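Hi everyone, thanks for coming.

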Amino acid sequence: MPTVTIQQAFELALQHHRSGRLPEAEALYRQVLAVEPRHANALHLLGVIAHQAGRNDVAVDLIRQAIAIHPNYPEAHLNLGVALYENRQLPEAIAACRQAVALNPNLPKAHNNLGNACKEAGRLDEAITCYRRAIALDPSYTDAHSNLLYTLLFHPSYDSVALADEHRHWHRQFAEPLRKFQQPHANDRDTERRLRIGYVSPDFWHHVTCHFLTPLLEAHDHARFEIFCYASVRRPDAITERLKKSTDVWRDALALRDDALADQIREDKIDILVDLSQHMAQNRLLVFARKPAPVQVAWLGYPGSTGLEAMDYRLTDACMEPEGAAWSESVETAVRLPDSWFCFNPLDEFPVTGGLPALREGYVTFGSLNNFCKVNDAVLRLWSRVLLAVPGSRLLLQCPEGDHRDRLRPLFESHGIAADRVQLIARTATRAEFLDLFQRIDIALDPFPYNGGTTTCEALWMGIPVLTLPGSLIVSRIGLSILSAVGLPELAADSEDGYVGLAASLSGDLPRLAHLRSTLRERMKASPFMDAPRFARNVEKAYRQMWRDWCAPHSAQPS
């Protein structure tokens, strides 16, 4: 193949790649490499395709080959960092992103991706700095700004006022300019007709949120509600197929730009549009900014405000937001569901709960398997107090490999906790290995300010009581909401002293711990927290009232 033909083949491959025709692009990249094996661009982009297909080991190998040929290739280091990050090789991901930044300090995506890796390692200050740098380089970089907002929820120094300021800034930058695209809605104003409900998410797959979405979708009353899903799923799986079966209309929205998706939603005459992501990864909030449906609702991604004025409501409950409480970061109207903010389905095949580890080991093991970015210094100080209050106890903590571990042992030792009382567990390779870790924990400790969600549910399902300390933010009260729904509100402390006291009291009552371990799963099954039809009726009642409220001021107007 002559050189010019190689260049033509590469450029055609690029065109296919940019338009999403990945098999055609991959075939052409391989043709180029068959003739020119050291074509760094083709190796790099072939690695990107492997990453897009979920073959991260292959992606890492190919991109490293490209870097070996062309070491000063910032985009290759950037994409290597992405593949390593998703492959759970966090130290290597951070190093790759740092190299991309070093080679091109003006590359916004490199700073954003470095921020993602730092956040995962619990280095929240560094992550926030990275996101702010990405935004400074490109003020239109909406992903970096959403990543910043989401990360601020984990940081103990940001209160509701600071969060409100940051969300207003996001709204002015990204949502306000789209207000001009909002149009009147011609939906039929019959308050009791069958309503069209649209759910928007990139996470209709085995994502943590589907433990809570699946019960609702599978229990919806399709005689009264027509269910649409707008799915931007990159890697569909068995859960994707399961959710499709619970949907009246499934629309693949991955390739649709925000304006095109908004047009599709309006064309579908959706009455109530529900955002399931908020500012989490790959969100479609700028679709909602165009107000394609007359009623718009935020739910599930996390219990907090989107900052989007076009979002009318936010589903919550009375534990997370007591009546009369006002959260200054919220622009939506809070709608409190009667029992709980969500309903749990374990989905996976969980192991049997087994016996109490303390009876086997001779000491109590506390544990947290939450995402490590939720574990800050204030949390570690309180957990050190727990260990001091329960002599001989141990702490099992999930913490990714990397030098961020270096801050943990000195901190524990400064509070009088010997190194052998704390065990750091790297992220497990398989789901089964992760679930087996619960077999080693007697009492789970909930972090703050951002409480555990799915991990708390999994711990309870494995018979492990979870101690929580409700705070002043909505995300600081998830634990209280879950515990109240399963009938264990007494495990929510009213202070740090109370938290330590609960830990000591439970640790001193092994018969109670053993009883909880053997009965919690059945207790959850019998609670409103796992009653999908009851939860669906609560949500549908809320939807119906929202619809009536929207129709009310228009009832005297002609259709």
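This is a predicted model: local features need pLDDT of at least 70, side-chain atom pairs count only at pLDDT 80 or more; totals for chains, interfaces and linings use all residues.

Residues are numbered from 1 along each chain as its sequence is written, and side-chain values use heavy atoms, with hydrogens and water left out.

The protein has 23 helices and 12 strands; these are DSSP runs numbered from the N terminus, with helices being H or I of at least four residues and strands E of at least two. Its radius of gyration is 25 Å, close to the 24 Å that the globule rule gives for 559 residues, so the protein is as compact as a globular protein of that length. That radius is taken over C-alpha atoms, and the rule is 2.2 Å times the number of residues to the power 0.38. Along the principal axes, the C-alpha trace spans about 80 × 70 × 40 Å.

How much of the protein is buried? Buried residues make up 58% of the 559, where buried means under 20% relative accessible area, exposed over 50% and partly exposed in between, using a 1.4 Å probe and protein chains only.

Now find helix α11, residues 210-219. Here 9 of the 10 residues are buried, among them Cys210, His211 and Phe212. What do they pack against? The buried residues of α11 meet the strands β1 and β2, and also the helices α12, α18, α19 and α23.

Next, Asn187, in the loop between α10 and β1. Asn187 counts as buried because its relative accessibility is 10%. Its side chain reaches the backbone oxygen of Ile270 at 3.1 Å. Setting aside residues up to four places away in sequence, Asn187 touches Arg193, Lys269, Ile270, Asp271, Pro294 and Trp547; contact here means heavy atoms within 4.5 Å.

Last stop: Leu506, in helix α21. Leu506 is buried too, at 3% relative accessible area. Its contacts beyond four places in sequence include Ile443, Leu467 and Leu513. Pro465 is another of those contacts; the C-alpha atoms of Pro465 and Leu506 are 9.1 Å apart, although 41 residues separate them along the chain.

Terms used: A polar contact is a pair of N or O atoms within 3.5 Å; within protein, one must be able to donate a hydrogen and the other to accept it, and residues adjacent in sequence count only if both atoms are side-chain atoms.
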